[in-house]
Amino acid sequence: MPETNLLLTGQPGSGKTTLIKNVLEDIDYSVGGFFSNEMRRGNQRVGFTLETLDGRRGILAHMDLGTEHRIGKYYVDVASLEKVGVKALEDALKTKQVIAVDEIGKMELLSEQFRTVLQQLLESPKPLIGTIMQGKNEVTDAIKEREDVAVFHVNEETRAYLQNEIFLRLQRLVEPTN
């Protein structure tokens with residue numbers, strides 16, 4: 001079974017998201033999905049936004065939201081994740097050649113809809129490139145053990161090599177359009 005799901009893991013700030021963005025800039029395939037970005041107030045991280053590859057935005061989590069779901073000091077906006085992020089993944093599954101997910105982590109896994117579409121993505125023949133939490137978690141540990149998943153550990157020493165390796169793997173995986 002080919003490893004169609006390419007997942008990056010590593011410490012926060014190791015360059016996982018930047019690596020994926022750099023790979024996606026270099027390919028000529030249609031890509032859909034979303035990225036998570038930090039929200040900062042001065043030097044303090046106060047939350048995370050979602051941004052789809054077609055430009056839609058939403059708030060994933062914020063210290064001041066006060067929603068019912070909380071991970072650490074952040075309140076997670078599951079409704080926003082589903083409206084923006086899950087919708088982008090569903091659309092990408094239908095219409096794009098490559099799917100990007102940043103990230104598969106505790107916040108995203110709070111959403112049943114996210115877990116459902118993630119399962120569909122993992123089982124799809126379309127290449128998935130994404131980031132996955134490094135720590136222990138029942139769901140993410142099971143994903144990392146799948147035969148169709150390749151996990152890459154990103155750090156300062158591996159970043160440059162991995163960018164080229166993942167680019168080459170994507171080229172082999174994407175089905176040509178007619």
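Q: Is Arg41 buried, partly exposed or exposed?
A: This is a predicted model, where local features need pLDDT of at least 70, side-chain atom pairs count only at pLDDT 80 or more, and totals for chains, interfaces and linings use all residues. Residues are numbered from 1 along each chain as its sequence is written, and side-chain values use heavy atoms, without hydrogens and water. Buried means under 20% relative accessible area, exposed over 50%, and partly exposed in between (1.4 Å probe, protein chains only). Arg41 has 47% relative accessibility, so the residue counts as partly exposed.

Q: Which residue meets Arg41 in a salt bridge?
A: A salt bridge is a side-chain nitrogen of Lys or Arg within 4 Å of a carboxyl oxygen of Asp or Glu. For Arg41 the N to O distance is 3.1 Å, and the partner is Asp64.

Q: How many residues apart are Arg41 and Asp64?
A: Helices (H or I, at least four residues) and strands (E, at least two) are DSSP runs, numbered from the N terminus. Arg41 lies in strand S2 (residues 31–41). Asp64 sits in the loop between strand S4 (57–62) and strand S5 (69–71), and the separation is 23 residues.

Q: Which residue forms a salt bridge with Glu3?
A: Glu3 is partly exposed, at 34% relative accessible area. The closest N and O atoms are 3.0 Å apart, and the partner is Arg169.

Q: Which residues are linked in a network of salt bridges?
A: Arg56 and Asp91 meet in a salt bridge at 3.7 Å, N to O. The network links Asp54, Arg56, Lys87 and Asp91.
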